[in-house]
Every structure is written in C-alpha cells, then in structure tokens.
Amino acid sequence: MSLLEVREVTRRFGGLTAVDNVSFNVPEGEICAVIGPNGAGKSTLFNCLTGFDSPDAGTVTFAGRELVGMRPDRVVRAGVARTFQNTQLFEEMSARENVMVGCHAKTRAGFVSTALRLPWTVKEERLAAEDADRLLRLVGLEEWRDAPAADMPHGLRRLLEIARALATQPHLMLLDEPAAGLNNSETEALAHALYRIRDHGATLVVVEHDMGLVMEVSDQIVVLDRGCKIAEGPPRLIQKDPEVIRAYLGEEDPEDV
Amino acid sequence: MISSTGLFQGRHGKTVDTPELLQFALAGLKNGSIYALVALGFTIVYASTGVLNFAQGEFVMLGGMLSVWAYSTLGLPLPLAGLLGVLLTGLVGVIFELLAIRPRKDGDPLALIIITVGGSMLLSSLARHLFGPTEKALPRFSEGSVNIFGASLERQSLWIFGIAAVAVVLLTFMYSYTRLGKAMRACAIDRNAARLVGIEPRMMVTLSFGLAAILGGLAGLATTPLTQTAFNVGPSFGVKGFAAAILGGLGNPFAAVLGGLTLGLLESMSVAFISSTYKDAISLIILLLVLFVRPQGLFGGSSRQKV
Amino acid sequence: MRAARRTLLALTLVIALAVVPLAGCSSTDGGESTDNGTDEAKEPYRIGAVLSMTGTYAGLGEPEKNALEMEVARINEDGGVNGHPIEIIYEDDATDADTAVAATSRLIDKEGVLAIIGATGTGGTMAMRGEINRAGIPQISPAGGTVITGDFDPLVFQTPWSNSLVVPYTLDYIAEQGISKIGIIADSGGFGADGLAVLEANLADAGLEAVATEAFNAGDTDMSAQLTKIQGAGAEAVVMWTAGKEASIIATNMKDLGMTIPLYGSHGNARVEFIEGAGAAAEGFRFAAGKILIPEAYGDTTEAYQVALDFIDRYSAEYGKAPDTFAGHAYDALHITVNAMSTLDEDFTAAELRDAIEATTGFVGIGGTFTYGADDHNGMTADDLVMYEVKDGTWVLAE
Amino acid sequence: MSGRSLNISRFLTVRAAIVAVLLLVVAVLPLFVTGTDARYVLKVLTFVGINVLIVTGLALLFGYAGQVSLGHAAFYGLGAYASAYVTATLGMPWFVGLAAAIAVTALGGLALAVPSLRLRGHYLAMATLGFGEIMRIVFVEASSITGGPDGFSGIPLPSLGSFVFATPQSIYWLVWGVAALAIMISYNIVSGRPGRSMRALHGSELGAMASGVDLVGLKVRVFVISAVFAGVAGSLYAATVGFVSPSTFTFHFSVVLVAMAVLGGTRSLAGPAAAAILLTLVSFPDIVLPGLSRDILAVVQDWEVDIYALVIILVVLFLPEGIAGAGRRVLGLLRRGVVEPSGSDSGTGQRGDEA
C-alpha cells in the first residue's frame with residue numbers, strides 16, 4: 001500500500017480549475033517529484049495535500065487517514081511536513097529557535113505548565129534544543145545556530161526550513177521548490193540532504209523546476225499541466241514522453257534537460 | 001430602570017406608518033452621511049499608507065472650530081470663514097504628517113497608528129487651550145427644511161449629502177483614472193515599488209493627510225451648524241467613522257460611504273423598532289456579526305489581501 | 001556605537017520636551033500664587049478643590065474655578081475667617097475618577113486640607129468618597145447627581161438642586177399646562193439616567209403618562225429618530241433631561257421635524273451655549289432652575305436678590321461674562337464651608353466643621369436658601385426653583 | 001538551557017542581577033516613602049502597578065502574538081464589576097471576588113476570541129473596539145448590578161482570610177506582588193514552548209501552521225490569558241479604590257493601554273512595563289519631581305494631555321523599537337563593554353525572551 005494516495009483531487013477558483021481530477025500514489029521510502037510549467041497547479045495541489053487549502057472534490061489518504069478537511073497543524077501532527085516556495089521562516093528568531101518551533105507537534109508543554117515552570121517542561125525544552133541542534137547539523141547549519149533567520153543567506157534559509165520541517169518528525173515531507181535560487185554547489189548539497197532525509201525514513205514529494213535535480217533524485221515523477229496530470233512514471237520514461245515534451249517543455253529541446 | 005425601556009416601548013408600540021418610516025430612514029441617512037464623510041477621510045489615508053488615522057475625528061473637530069473662529073472672532077462672512085477653516089484644517093493635516101508621520105521612516109503601520117492616537121490627543125488638547133472648553137455654534141448655510149413625501153429634512157443635511165456625494169465621486173475618479181490617485185494607492189501597496197516607478201511615496205502620504213484633513217474639515221464645517229462643536233467631539237466622530245469604514249470595507253470610497261449610511265440606518269432603525277438605549281449596542285453587535293461572517297466588511301473586496 | 005548614541009539623544013529629547021512646557025510657563029504664571037494675606041500672621045485655612053479643568057467637563061470646571069478664585073480673594077480682603085486667610089488648593093481631575101481619587105489623596109495627605117469642594121462631576125464626587133471617609137473631612141460637591149446625597153454619607157454635602165427636587169417641580173408645572181402625555185428623552189450618562197429614574201418615579205404623582213421614553217449618548221449628532229418615535233406615540237410635550245451640548249440638537253431637530261409640541265428641559269440646560277446652539281429653535285423652551293438666572297425672581301427687596309446681583313456684577317466685571325449655574329454652585333460650596341468655619345473656634349477639628357456645615361440654616365446663596373439637616377445634605381426646597389422660558393434669545397420667567 | 005556559550009550565560013547573569021535589583025527596589029520602595037504625602041505617593045504607585053499588570057497581558061497578546069486589542073478596558077471593567085458584585089453585594093471574601101473576576105474575564109475573552117479568529121489587523125481592532133463599547137453600554141445600563149452611570153461604591157478592601165489590606169503599604173505590596181507574579185508567569189511563558197509558538201505566529205502564520213502550531217488554540221489562549229490579567233487588575237482596582245464607574249473603562253483607556261504596549265516595544269515584557277510606569281506617572285508629575293511648586297503643578301496639569309501625547313509621538317518616532325529596543329541596545333553595550341570587549345553580535349539567539 002502506498003503511503004500517500006491522492007484520488008481525483010479537484011480545486012477550482014471561480015472559473016479557473018487549478019487542479020483538475022489529479023490522482024497519484026507515493027510509495028513509502030521513495031522520492032516523488034511533481035513538475036509542470038508555471039501555473040500548472042503544483043502549489044495549489046501542495047496546499048490541498050497539507051490542509052492549507054481544501055479541494056472541491058477528491059480524497060487525500062495518508063497512511064490510511066483522510067487529510068482533506070484537516071487543519072494544517074493537524075496534518076503536521078499526522079506526520080506530513082512541508083516547506084514553502086517563498087520560505088516562511090520566523091525572521092526574528094534564531095535558527096535553533098526556528099527548528100525548535102518545528103518540535104512543537106512532538107512536545108506538549110502548555111501555558112499553565114510552562115508558566116509554573118514544572119520540571120518536566122524544563123527537561124522537554126532541553127531535549128527540544130538538543131533535537132534542534134542535531135537537525136541543524138544534519139543540514140549543515142550548526143554554525144548559524146544563534147543567528148536570526150533574517151540574517152541568513154537565501155540558500156541556507158531553504159535548508160533551515162527543511163530542518164524545521166524535519167523537526168516535526170514527518171513520515172512524509174512535501175518540499176515546494178527547494179532548489180529555487182540555489183547555486184550549483186548548494187543544489188548539490190541539497191540533493192545529498194534529500195538522500196539523507198530519505199535514508200532516515202521519510203518519504204519525499206518535491207515540487208521542483210530544476211530538472212537536473214529532479215532527474216537525479218526522484219524515483220517517480222508526476223507531470224501536471226493546466227491542472228491535469230498528463231504523465232506519471234520514472235525519470236527516464238518521463239524524459240521521453242511526447243506529451244510532456246509538447247506540453248511542458250514546449251519549444252525547448254528535451255535533450256537539454 | 002433604564003433597562004426596562006425596551007419593554008416600556010413595547011407596550012406603547014404601534015404600527016409605523018409610511019411617512020414615519022421615511023422619517024426614520026432620513027434620520028438614519030442624516031447621521032449616516034456624517035459617518036460617511038469621516039469614513040471617507042479614513043479611506044484616503046488608509047489607501048496611501050495602510051494606516052487608520054485616529055486623528056481623523058480631530059480634523060472634523062478642527063474644521064468646525066477653526067470655521068467658528070474665523071466666523072466669530074475674525075468676523076469673516078460664513079462662506080469665507082468656512083473656506084479658511086477647511087484650508088487651515090488641511091494645513092494642520094499636512095503639518096501633522098510632516099512633523100509626526102514622516103520622521104518615522106519605516107512606515108510601520110502600527111507605529112503610525114499609535115502616532116495618530118497621540119496626534120488625536122494633542123490636537124484636541126491644543127484646541128482646548130486655543131478655543132476654550134465650551135461648545136461653539138455656527139449658523140446654517142441654508143435655513144429651513146424640505147418636505148419629502150410627508151417626512152421632513154433640514155436643508156443643512158442636503159449640504160452634507162452633497163459633500164459626501166461629490167467627495168465619493170471625485171475620490172473614485174481620482175483613484176481609478178488619475179495618475180495622482182493611482183500613485184497614492186501604489187505607495188500603500190509597496191513603497192519601494194512605487195519609488196521605482198517614479199512616485200515619491202512621502203509626497204503622496206503628505207498629500208493624503210492634507211486631503212483627509214480637508215475632507216474632515218468639510219465634515220466639521222457642514223455638521224457644526226447642526227450639532228455645535230467642542231474640543232472633545234473628535235473621538236466620537238472617529239469611532240463612528242472607523243466603524244463605518246470597517247463595516248463598508250476598507251480602502252474603497254464607495255464602500256466607506258455605504259458603510260456610513262448603513263451604520264446610520266442601523267442606528268435609526270434600532271431606535272424605531274427596538275430601543276434607543278441600545279441603538280449603539282445593537283449596531284455594534286450587527287457590525288461584529290458582519291465581521292465574523294465577512295471579515296473584509298460588507299462591500300470590501302478581498303482582493304487587497306492577495307496583492 | 002552610533003545607534004546607542006541616537007537612542008540616548010532621543011531619550012534626552014523626550015525628557016527635554018516634556019519639561020519645556022513646565023519651565024516655560026513657570027516664569028509667566030508666577031504671579032498667580034494664592035498668598036494674598038501676606039501680612040497675616042495666622043496660618044491659612046486650607047480647602048481643597050477637585051475640579052474638572054480638562055476632559056469632558058472642562059466647560060463646567062472653568063466657571064467653578066473662576067467663582068472660587070474670585071470669592072477667596074474677596075474673603076481674604078475682608079480679613080479671612082477668624083483672622084485666618086483661606087487658601088484653596090486646586091486639583092484637576094481631568095474628568096477621570098482615578099485622577100479624582102489620587103487628587104483627593106494628595107489634598108488630604110500632602111496639603112492637609114480641612115474640607116474638599118468637588119468634584120465637578122457626579123462620578124468623581126462618588127469616587128472620592130473612600131478617601132473622604134478615611135480622612136473624616138467634609139466634602140461639598142457642586143455636582144448634581146441625586147445619588148450624591150441620596151446614597152447618604154454624613155460627610156458629603158451638595159449644593160446644586162438635585163433631580164429629586166427639580167423633577168417633581170417640572171412635572172407639576174407641565175401637568176398644570178393641561179398636558180397628560182409626555183415623551184421623555186434623556187442622555188445615557190449620569191445626569192440623564194438619574195433624571196430619567198426620578199422622572200419615572202414621579203410621573204404618577206403628577207398625573208402624567210410617558211408615552212415614549214428615548215435615550216441618546218453624548219456625542220450623538222442627530223436625535224430625529226428618537227423624536228419621530230415620541231411624535232408617533234402621541235406625546236403632548238417632550239421632556240428632555242441632559243446637560244450636554246446635544247440639548248440644542250434636540251431642540252433644532254424638533255423644529256426641523258415640524259414638531260410644535262412644547263419642549264421642557266432641566267437646570268442642565270441653563271447655559272447660554274444652549275441658546276446659541278439651538279438659535280430660533282430654542283424659542284419657547286422651558287426649564288426649571290434656581291433664581292440666579294434672573295435675580296428679580298427673588299423679589300428685588302430680598303437678601304437673595306442682593307446676593308445674586310452682587311455676585312453677577314462682580315463675576316461679570318472679572319471675567320467678562322455672566323456667571324452660569326455652575327459658578328453659582330461653587331460659590332455656594334465655598335461660602336457654606338466658610339460660614340461654618342466662622343461659627344467655630346479658631347482651631348476646630350474636621351468633625352466640628354462637618355457638624356457646623358450640617359447645622360447650616362437659612363444660608364442665602366446663589367442656588368437658593370440652604371438649610372442642611374441630619375438627613376438632608378442637599379438643603380434646598382422647591383421654593384428655590386422657578387420656571388424659565390427662552391424668548392427672543394434670552395431667558396425670561398415663564399408666566 | 002544548556003549549551004549556551006559563555007558570553008551569553010554571563011550576559012544572563014547581568015540580566016538576572018538587574019532583575020533582582022529592580023525587584024528589590026520595588027519591594028522596599030514603600031519603606032522609603034515616609035513623607036506626609038506617603039499615602040498619596042503609594043496610591044499613585046499602586047495605580048502604576050495595576051497598569052503594569054494590564055499592560056503585561058497586552059504585551060503577551062500584542063508584543064508576542066501580534067494580536068491587537070482595542071477592548072482591554074472592557075476586561076478591566078468586567079473584572080472590577082465582577083469582583084465588586086461578589087464582595088460588596090454578595091458579601092463574599094475578596095478571594096472569591098478575584099476568582100469571579102478571573103472566571104468572568106476568561107469567559108469574556110473566550111467569547112470574543114473565538115469568533116474573532118478570522119479577523120486581522122484593523123478588522124480585529126474594530127471587533128475588539130466594538131466589544132469594548134458594548135461592554136461599556138452594559139456597565140451603564142445594567143444598573144441593578146453595576147450601579148449604572150453613578151458607579152458602584154462601598155467595595156470592601158482586599159483581604160486574605162482575616163488579614164485586610166488596609167494600609168497603603170500593604171495594598172502596594174499586594175498589587176505589585178501580583179504584578180511581579182504576572183510578569184514572572186509571562187516570562188516563563190514567553191521563554192518556553194508557548195512563547196516560541198507565539199513569536200512564530202507573529203513571524204509567519206503559514207510557517208507556524210506548517211510547524212504544527214495550533215493557531216486557533218494559541219490565539220484563543222493568549223487572548224484569554226491577557227483578558228484574565230486585565231480582570232485581575234480590575235479586581236485589585238475595585239477593592240483598593242472602593243469605587244467603580246463606567247467612566248474608567250472607556251475606549252480612550254483601551255487606546256492608552258495599547259499605546260503603552262507599543263511604546264514598550266514588541267517581544268519584551270520589561271519594555272511595556274516601563275512604558276506603563278512612564279505614561280502613568282506623566283499624570284502625577286509631583287511624584288517624579290517632589291519639589292514642584294503648586295503653580296507649576298497647575299500648569300503641568302493643564303498641559304498634561306499635551307505632554308502625554310508628545311511623549312507617545314516622540315518615543316514612537318525616535319525609538320522605533322520602543323523602550324525595549326533602546327534597553328536592548330544599552331544592554332548590548334553593557335555586554336560588549338563590560339563582559340566581552342571584543343564580542344560579536346552572535347549572542348542574539350535568545351533575543352526573543354527579554355524579561
């Protein structure tokens with residue numbers, strides 16, 4: 001059984017159908033890429049999968065649980081984490097604190113227990129901080145631990161967001177254009193990070209424009225065009241798919257990718 | 001004891017006939033047009049800064065006070081006194097912006113709002129120092145009333161309707177068709193982008209304060225003959241205008257006017273059918289309900305959020 | 001560090017600007033000090049005054065302070081009381097209950113006053129009660145709320161006509177005009193709500209029926225909805241209870257609506273600003289108040305007439321305008337206190353002063369003739385009232 | 001927290017020392033207020049403490065969670081009337097009145113927060129303003145409970161068991177004790193998990209949601225806590241003044257409270273408290289400058305609103321990050337100058353949780 005099953009998901013905005021009857025499966029332990037030209041509905045699809053938007057029709061089943069209609073924070077608690085195309089970091093907070101916020105779902109200190117500084121809350125804080133430090137090391141940001149997110153270079157901000165998502169201990173991670181704005185070496189580092197994350201037991205769904213990265217890391221690719229799924233399969237097949245070449249790559253020469 | 005008023009009226013309640021209903025409606029529109037004028041002032045500053053100007057009510061107060069001063073103390077004829085009062089109010093608006101808003105360079109809306117709160121206190125207190133604590137009267141522009149299907153409306157209110165109507169048409173025209181108006185809007189949305197396309201945002205903000213103050217001054221000039229004015233009337237105008245602007249939906253002149261008229265009608269209909277004791281409470285509760293259902297106001301588009 | 005230096009600079013600037021007005025004014029206003037009796041060897045008797053010089057009631061506090069300043073100067077010129085000059089220490093409560101409490105505390109603890117006149121408003125007057133009771137000194141309030149003496153406190157006296165006096169007088173007058181159905185419109189603040197309660201309690205005794213009871217709030221700009229309702233209910237007269245500027249809006253709204261039934265008001269409308277604001281709509285407006293507005297009402301041979309005339313002349317000369325009723329209430333508060341002092345030994349206690357004020361009998365003041373008693377700290381009767389009518393832009397005695 | 005570098009822990013020690021000194025000053029202050037006007041001075045300082053308590057709640061709501069409330073005077077009033085009714089009318093002990101104030105304001109906060117969840121910015125401000133005005137109308141009109149516009153008098157002094165807080169000193173200690181407790185509770189909250197989520201919410205709502213932060217629960221809880229702080233302040237106010245009237249709980253007061261919170265600066269508890277002290281004392285200049293002559297005092301009182309307004313405008317203009325921002329810079333200078341001359345700016349890791 002697949003970890004994530006997307007069935008006939010449709011999302012309309014007024015007259016525009018942003019996502020049109022899209023279905024696909026993501027098996028556990030794989031890296032799946034969702035690609036498509038601008039406006040293909042990738043981000044809308046992501047929002048529908050993570051509770052930030054709800055589809056007009058269709059179901060999203062994660063490990064046997066229905067995600068449609070769930071609030072975003074509940075989706076996170078269910079084990080699905082995400083990042084954003086425009087990074088949504090907490091600018092004033094340090095890198096470590098950003099990641100510690102990600103620990104939120106797995107910790108439980110509330111207002112009253114924190115206000116009273118109960119011993120277990122202090123311990124929980126310490127463990128969360130240690131967790132955060134470990135994750136920062138995992139993505140290679142340990143040097144930035146105490147710097148405010150606002151001070152970090154663009155490429156590293158994406159890594160920080162990934163570390164924050166990891167802190168929720170997800171079974172499934174959805175990354176929205178993680179390589180956007182990264183230079184070659186940073187993209188390289190990102191690819192390694194993705195493998196490491198997968199090896200740690202997380203399944204990945206990636207929306208990405210960087211075809212090199214997509215072809216390199218993904219086990220499976222879903223291609224969207226104007227809201228519809230037009231192709232699905234392993235990278236080598238997608239590269240050859242005439243429909244994809246026509247709709248997505250347009251006049252570009254497919255050999256370039 | 002007062003809380004029994006509702007029951008009391010119920011006992012004496014009788015059917016409301018048409019001229020009476022019309023009279024209630026006119027009463028609501030009269031108040032509503034004043035709220036609309038204040039709300040328009042809010043809209044102008046909001047459109048260029050994204051800030052609610054809490055000193056807007058004080059501009060209304062100043063418009064009345066300065067006109068009274070020009071009329072009674074300087075002895076100018078009423079039209080001239082009114083003109084001077086309104087222009088001086090506009091000048092106060094510009095000076096206020098230059099001295100208190102412009103120096104805060106980052107344009108952080110909340111900081112600016114608090115500055116306008118301070119400005120509101122300062123302007124009303126200065127008005128007390130200058131003009132004393134008692135209320136002041138001004139003669140009407142036109143005496144008498146007109147009869148509308150059995151209901152009566154004083155001619156002075158027609159002036160207020162007229163000013164509100166002209167203002168809303170001019171503002172809509174300005175925002176939609178003139179470069180200046182578009183520029184004013186642009187700098188609320190993105191100051192840097194505005195600068196890039198050759199608009200000097202600081203100039204636009206100053207202008208919008210001046211314009212809002214002039215409009216507030218006009219509102220004060222037009223309402224003082226009906227209500228008198230005093231140094232401390234600003235906040236109640238401000239709160240009603242704020243409520244009207246929010247009820248209508250921020251940022252759009254027509255929404256502001258519709259919000260003002262709706263608020264006025266809500267109040268007068270509360271008086272007519274429920275209780276004058278609770279008219280403010282009733283209209284506020286309705287306002288809250290509207291907000292809970294339509295967080296962007298009755299007539300406001302949600303498009304701004306997406307920008 | 002530059003940023004830090006800028007911060008320091010800004011802080012300094014804030015402090016400097018906050019201090020400038022103090023420094024600037026201290027030199028110009030220096031002549032205003034109160035020690036007139038410079039050659040008096042005796043310690044002055046100190047009286048506190050908590051007045052609203054700013055805030056909502058600033059328009060009431062001003063004439064009150066004027067009257068007090070003028071009267072203290074005269075008393076001291078005449079040799080003071082028991083050879084002691086009177087010194088009044090003024091506090092501005094900014095029409096705020098908390099500030100009134102703090103000001104009272106300051107007057108009692110820092111200035112050691114023997115009595116306190118104030119506050120201007122009923123709210124402030126009531127808020128001060130805790131401090132007054134703690135110190136055990138008498139309080140004479142120029143505020144009009146029925147609750148001030150209705151909710152009886154042995155230490156608290158008041159000088160204005162209370163609603164419980166004016167309302168029955170007004171209602172009886174209305175009934176005498178052959179009217180049986182009235183519409184009431186009152187503000188939701190202290191004065192209006194208090195008046196409304198007393199009105200409703202006294203309607204039956206006067207043989208009147210209220211066919212509509214409407215409210216409005218301070219700051220409202222149009223009352224024609226309420227008045228339309230009163231009109232629709234078939235009222236034969238409108239009774240308005242408010243002291244705010246909205247009174248003139250009600251009068252003009254009635255005229256604009258074409259309502260021809262008479263409008264009655266209260267002593268809260270005995271202000272020239274009402275006539276100025278209402279203009280022609282004020283014509284025919286009637287209200288009951290003390291006789292200060294037209295001293296002839298006392299009869300021109302009476303002592304009351306002389307007292308009132310004298311006060312009006314001196315006040316007008318000093319301030320360029322006739323005193324209003326609030327000036328009169330402050331006058332009465334001061335003179336009742338001073339009179340009580342003069343009946344006592346030189347070094348009286350606060351408790352003795354209280355007893356002496358309570359013993360005030362037949363004191364002829366501006367508001368009327370005061371006779372306090374063990375259970376009456378308002379001290380006036382309906383005989384102190386007279387009905388006025390606005391004619392040709394001024395007050396005349398109603399026929 | 002462990003793993004902090006040396007300079008930060010030493011920096012923390014400096015801060016702890018400052019806090020300890022401040023606490024000590026506040027605690028022993030009444031012992032040094034001994035003049036003839038001691039009662040007056042203490043009364044004013046008690047008002048200051050009450051305002052500090054309310055503003056601390058607003059600092060949580062506004063400074064950390066980024067939510068605006070223009071209706072906090074209503075919660076202050078709700079607490080005051082609830083406490084007054086329970087103690088004066090029902091004759092119950094003050095402690096029960098306090099509990100009632102907490103319960104009523106918690107419910108009121110809940111009633112306002114839940115439907116307001118979708119509202120932002122100016123619309124939220126309007127909703128809270130509307131709530132405040134509606135409550136004020138209720139205070140005026142529900143005269144059988146509240147005493148109407150004339151107010152509610154004869155409220156007994158605060159007491160615990162048989163001990164009555166009758167002297168101005170004991171009232172001062174009670175109010176400031178509660179205020180200190182509130183600040184301590186708030187400090188714990190903001191430096192722990194809930195505070196981090198609040199700051200996250202302030203930073204990016206989307207990011208917070210994607211991190212599993214329950215925005216709904218968080219917003220509602222912060223709102224309720226901040227309402228309860230105001231309610232406790234109301235209960236203290238009612239009992240210490242003995243009189244409550246609707247004119248205290250106005251829109252104007254709500255605005256002043258927000259001004260204090262803004263002047264204090266975001267993500268700080270000390271800043272807003274300092275702003276509350278500063279702005280409250282503007283009304284009582286003779287406390288700060290005891291030698292002021294009565295004539296000058298009269299002039300100052302005449303210009304009080306103007307001074308007040310100028311202070312607000314100038315602080316916002318010239319201290320863009322509020323008093324807290326200025327304080328941070330001074331602390332930063334201290335840290336660099338005293339503790340580690342060559343220090344870099346790397347110690348900002350915990351800059352969210354100023355005390």
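Two residues are taken to be in contact if their C-beta atoms, placed from the backbone, lie within 7 Å. The structure is a predicted model, in which local features need pLDDT of at least 70 and side-chain atom pairs count only at pLDDT 80 or more, whereas totals for chains, interfaces and linings use all residues. Residues are numbered from 1 along each chain as its sequence is written, and chains are lettered from A and ligands numbered from 1 in the order in which they are written. Helices (H or I, at least four residues) and strands (E, at least two) are DSSP runs, numbered from the N terminus.

Burial was assigned from C-beta atoms placed from the backbone: a residue is buried if 20 or more other C-beta atoms lie within 10 Å of its own, exposed if 12 or fewer, and partly exposed in between. Helix α8 (residues 193–203) of chain D is largely enclosed by the rest of the structure, because 11 of its 11 residues are buried. Among these buried residues are R193(D), R196(D), R199(D) and H202(D). The cover over the buried residues of α8(D) includes α3 (95–102) and α4 (111–115) of chain A, and also α2, α7 (168–191), α9 (205–210) and α10 (215–241) of chain D.

A nonpolar core is defined as a set of buried Ala, Val, Leu, Ile, Met, Phe, Trp, Tyr and Cys residues joined through C-beta atoms within 7 Å. The largest such core comprises 441 residues, and A163(A), L37(B), L40(B), V55(D) and I312(D) have the most contacts inside it. Helix α2 (residues 38–64) of chain D gives the most to this core, namely 18 residues. When neighbours within four places in sequence are left aside, I312(D) is in contact with I114(B), V117(B) and G118(B), as well as with A259(D) and L263(D).

Residues were classed as nonpolar (Ala, Val, Leu, Ile, Met, Phe, Trp, Tyr, Cys and Pro), charged (Asp, Glu, Lys and Arg) or polar (the others, Gly among them).

The contact between chains C and B takes 37 residues from chain C and 38 residues from chain B. On the side of chain C that touches chain B, 12 residues are nonpolar, 16 polar and 9 charged. By contrast, no contact joins chain A to chain B, whose closest C-alpha atoms lie 13 Å apart, and none joins chain A to chain C, for which the corresponding separation is 19 Å.

Chain C contains 14 helices and 14 strands, and 59% of its 399 residues count as buried. Strands are considered paired if DSSP finds at least two bridges between them. Strand β1 (residues 45–51) of chain C runs parallel to β2(C), to which 7 bridges join it; L51(C) has D92(C) as its bridge partner in β2(C). Strand β2 (residues 86–92) of chain C is mostly covered, with 6 of its 7 residues buried. Together with helix α2 (residues 58–77) of chain C, β1(C) and β2(C) make a right-handed β-α-β unit, the crossover being right-handed if, with the strands pointing away from the viewer, the path from the first strand over the helix to the second runs clockwise. Elsewhere in chain C, the peptide bond from G118(C) to A119(C) is cis, with omega near -5°. A119(C) lies in the loop between β3 (115–118) and α4 of chain C.

In chain B, strands β1 (residues 145–148) and β2 (residues 151–154) pair in the antiparallel sense over 4 bridges, and V146(B) has L153(B) as its bridge partner in β2(B). The hairpin has 2 residues between its strands, and F149(B) takes a positive phi near 50° there. F149(B) counts as exposed because it has 8 C-beta neighbours inside 10 Å. A positive phi, near 45°, also occurs at R226(A), a residue other than glycine, which is found in the loop between β9 (220–225) and β10 (228–233) of chain A. R226(A) is partly exposed, with 16 other C-beta atoms within 10 Å.
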